[in-house]
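Subject: Structure handover

Hello,

Here is the structure for your files. My notes on it follow below.

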Amino acid sequence: MAVHRFPSEQWTRAYKDALNDNPYYAKAGKDWTHGAVAMVIKADPSIGVERDMAMLLDVHQGVCRSTSYLDAGTAREQAAFVIEAGYDRWKEVIEGRLDTTKAMMTGRLKLTKGRLPTMLRYVNSSKQLVKSAGRVQTEFPR
């Protein structure tokens, strides 16, 4: 299994595959019809991220139809939901050390677009998104 550097286009594509290979995500997300989700990684030159970047996930009814790794401004425009955090926080999420729902409630992950009550209705789906991320063989720059 290939190892993918986070964040990157390759990691984002591998994440799509991990999501679509997860039958628990398919079940938990089957009612999601609320649009794409962008996960914004704040600029961090120490890891080679010179400007805010995002992973845009086109998720619909338990399937990830497509993914893109792109400029955060474009992702913010295209996504119905935008979650923003720094690299270290996303690393905690991928490694399973940070519960995304609690993190959004406490501001450790910032929901900057979309409604929190909608996200809260899909807690199991969010957990499966995180479990799928943990299945991607990941290289972290630091």
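Are Tyr87 and Phe140 buried or exposed? Both are buried, where buried means under 20% relative accessible area, exposed over 50% and partly exposed in between (1.4 Å probe, protein chains only).

First, the ground rules. This is a predicted model, with residues numbered from 1 along each chain as its sequence is written. Local features need pLDDT of at least 70, side-chain atom pairs count only at pLDDT 80 or more, totals for chains, interfaces and linings use all residues, and side-chain values use heavy atoms, with hydrogens and water left out.

Aromatic pairs

The structure holds seven aromatic pairs. Rings of Phe, Tyr and Trp (its six-membered ring) pair if their centres lie within 6.5 Å; planes under 30 degrees apart are stacked, over 60 edge-to-face, and the rest tilted. One of the pairs is Trp32 with Tyr122, edge-to-face, at 5.0 Å centre to centre and 80° between the planes. This pair links distant parts of the chain, 90 residues apart. Trp32 sits in the loop between α2 (23-28) and β2, Tyr122 in the loop between α6 and α7. Helices (H or I, at least four residues) and strands (E, at least two) are DSSP runs, numbered from the N terminus. Trp32 is buried at 5% relative accessibility, and Tyr122 is buried at 11%.

The Tyr87 and Phe140 rings have centres 6.4 Å apart and planes at 70°, so this pair is edge-to-face too. Tyr87 is in helix α4 and Phe140 in the segment after β7, so the pair ties together parts 53 residues apart in sequence.

Helices

Helix α1 (residues 9-20) has twelve residues and should span 16 Å at 1.5 Å a residue. The expected span is 1.5 Å times one less than the number of residues. The end C-alpha atoms of α1 are 17 Å apart, which agrees. Its buried residues are Trp11, Thr12, Ala14, Tyr15, Ala18 and Leu19. They cover an arc of only 160° around the axis, which puts them on the same side of α1; the arc is that of the directions from the helix axis to the C-beta atoms.

α4 is mostly covered, with six of its eight residues buried. These are Tyr87, Trp90, Lys91, Glu92, Val93 and Ile94. What covers them includes α1, β2, β5 (81-85), α5 (100-106), α7 (123-135) and β7 (138-139). Gly96 follows α4 and has a positive phi, near 75°.

Thr118 is in helix α6 (residues 116-120). It is buried, at 8% relative accessible area. Leaving aside neighbours within four places in sequence, Thr118 is in contact (heavy atoms within 4.5 Å) with Trp32, His34 and Phe81.

Salt bridges

The count is 14 salt bridges, each a side-chain nitrogen of Lys or Arg within 4 Å of a carboxyl oxygen of Asp or Glu. Arg89 and Glu92 form one, with the closest N and O atoms 2.8 Å apart. Both lie in α4 (residues 87-94), three residues apart, about one turn of the helix. Arg89 is partly exposed at 25%; Glu92 is buried at 15%.

Asp52 and Lys42 form another, at 3.1 Å, N to O. Both lie in the loop between β2 (37-41) and β3 (53-60), so the pair ties together parts ten residues apart in sequence. Lys42, Asp52, Arg76 and Glu84 are linked in a network of salt bridges.

Best wishes
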